[in-house]
Amino acid sequence: MKERIMRFMQGRYGVDPFCKFLLVAGLVVVFLSAFLGNSAVGMIFYLLGWVLIIYCYFRMFSRNVSKRYAENQAFLAKTYRIRSFFQKQKNIWKQRRVYHIYTCPNCKQKIRIPRGKGKIEIRCPKCGTTFIKKS
Ligand SMILES: [Zn+2]
């Protein structure tokens, strides 16, 4: 069975970030359509959601790899700013676990201190003010 799937997928494009985005967006839109009921907007949402999902699968099984690749590149270029924003938030969150960010009471300079060092005296690198904090 696994071999048959592999043979089927040979020469086909497969999954990429754009594909995942289409699938998730499609599922969300279909999910939302359930709340809109039998209204015209609900129907449009329902159809739109399925179009996105089908488009995702169409791309996955497509043999026109170069065209799909170009689509994905265009998608990544268009979403670059929003993706880098989320990447940044993720990094900040990661750092929060290892470091504590303190603000200098004098000049508002942000100072990064490793966590778990107990009570320490922090010296602001910008204005030289010292203050005591628990890290
Ligand atoms: Zn300072």
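User: At what angle do helix 3 and helix 4 pack, and how far apart are their axes?

Analyst: This is a predicted model, in which local features need pLDDT of at least 70 and side-chain atom pairs count only at pLDDT 80 or more, while totals for chains, interfaces and linings use all residues. Residues are numbered from 1 along each chain as its sequence is written, and side-chain values use heavy atoms, with hydrogens and water left out. Helices (H or I, at least four residues) and strands (E, at least two) are DSSP runs, numbered from the N terminus. Axes are lines fitted to C-alpha atoms, for helices over the stretch in contact, and angles run from 0 to 180 degrees between N-to-C directions. Here, helix 3 (residues 40-60) packs against helix 4 at about 130°, the axes being 10 Å apart.

User: Which term describes that orientation of helix 3 and helix 4?

Analyst: Angles under 35 degrees count as roughly parallel, over 145 as roughly antiparallel, 65 to 115 as roughly perpendicular and the rest as oblique. Helix 3 and helix 4 are therefore oblique to each other. In contact (heavy atoms within 4.5 Å), Tyr-55, Phe-58 and Arg-59 of helix 3 meet Arg-68, Glu-71 and Asn-72 of helix 4.

User: How do helix 2 and helix 4 cross?

Analyst: The axes of helix 2 (residues 17-36) and helix 4 (residues 65-78) come within 8 Å and cross at roughly 70°, so these helices are roughly perpendicular. Pro-17, Phe-18 and Phe-21 of helix 2 make the contact with Glu-71, Asn-72, Phe-75 and Leu-76 of helix 4.

User: Is Cys-104 buried or exposed?

Analyst: Buried means under 20% relative accessible area, exposed over 50%, partly exposed in between (1.4 Å probe, protein chains only). Cys-104, at 0%, is buried, whereas Cys-107, at 26%, is partly exposed.

User: What is the phi of Lys-108?

Analyst: Most residues other than glycine have a negative phi. Lys-108, although not a glycine, has a positive phi of about 70°. Lys-108 is found in the loop between strand 1 (99-103) and strand 2 (110-114) and is exposed at 58%.
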